[in-house]
Amino acid sequence: MCIINQLRMVSLRCRSCARIDLEQACALLLVDPADAKTRYAETLMRGFYQAVSKRPVFYRPGTTELSFDEAWLGSLLDAMDRGDNDSFQFLIRSRVPRWTQRNLAYLIRSISDQFRTF
């Protein structure tokens with residue numbers, strides 16, 4: 001829930017930002033990893049709509065209820081923490097178009113690896 005609340009705060013900051021293309025953004029993250037913790041989260045929040053093909057729903061930080069999008073992201077992060085690659089792949093494939101699965105998986109893995117120290 002801690003990571004979800006952090007992502008909610010990032011989502012609030014990114015609401016008025018331009019949407020981004022996940023493929024281009026991930027390529028830039030690989031080239032310039034400076035301040036990666038914040039940039040991975042911002043890239044995810046700004047490009048999430050592209051991965052799920054609709055406007056995602058994120059509640060305000062501190063809300064105890066989870067939206068479907070938040071619960072789905074939480075399940076992905078939990079699967080990463082458990083090292084359950086089969087569940088991780090199932091969740092990605094069940095909702096994300098094939099052409100952007102790899103980019104979204106990269107962002108989720110990066111957030112799982114680095115965001116906990118944020």
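Reader: In which helix is the place of Arg39?

Author: This is a predicted model, in which local features need pLDDT of at least 70 and side-chain atom pairs count only at pLDDT 80 or more, while totals for chains, interfaces and linings use all residues. Residues are numbered from 1 along each chain as its sequence is written, and side-chain values use heavy atoms, with hydrogens and water left out. Helices are DSSP runs of H or I with at least four residues, strands are DSSP runs of E with at least two, and both are numbered from the N terminus. In that numbering, the place of Arg39 is in helix H3.

Reader: How many helices does the protein chain have?

Author: Reading from the N terminus on, the elements of the protein chain run α-α-α-α-α-α. The count of strands is 0, and that of helices is 6.

Reader: Is Arg39 buried, partly exposed or exposed?

Author: A residue is buried under 20% relative accessible area, exposed over 50% and partly exposed in between, as judged with a 1.4 Å probe on protein chains only. The relative accessible area of Arg39 is 23%, so this residue is partly exposed.

Reader: Is Thr43 buried or exposed?

Author: Thr43 lies in helix H3, and, leaving aside its neighbours within four places in sequence, it is in contact (heavy atoms within 4.5 Å) with Ile20, Leu22, Ala25, Leu29 and Leu107. Its relative accessibility is 8%, and therefore Thr43 counts as buried.

Reader: Why do the buried residues of H5 line one face of the helix?

Author: In H5, which covers residues 85–95, the buried residues are Phe88, Leu91, Ile92 and Arg95. Seen down the axis of H5, and taking the directions from the helix axis to the C-beta atoms, these buried residues line one face because they fall within an arc of 95°.

Reader: Which exposed residues does H5 carry on the face turned away from its buried side?

Author: An α-helix has 3.6 residues a turn, so residues three or four places apart point the same way. On the face of H5 turned away from its buried side, the exposed residues are Asp86, Phe90 and Arg93.

Reader: How many charged residues are in the lining of the largest pocket?

Author: On a 1 Å grid over the protein atoms alone, a pocket is an open set of points where a 1.4 Å probe fits, with protein on both sides within 12 Å along at least five of seven lines, and lining residues have an atom within 4 Å of a point. Of the 16 residues that line the largest pocket, Ser11, Arg15, Arg55, Pro56 and Phe58 are the closest to its centre. Ala, Val, Leu, Ile, Met, Phe, Trp, Tyr, Cys and Pro count as nonpolar, Asp, Glu, Lys and Arg as charged, and the others, Gly among them, as polar. By these classes the lining has 9 nonpolar residues and 1 polar residue, and its charged residues number 6.
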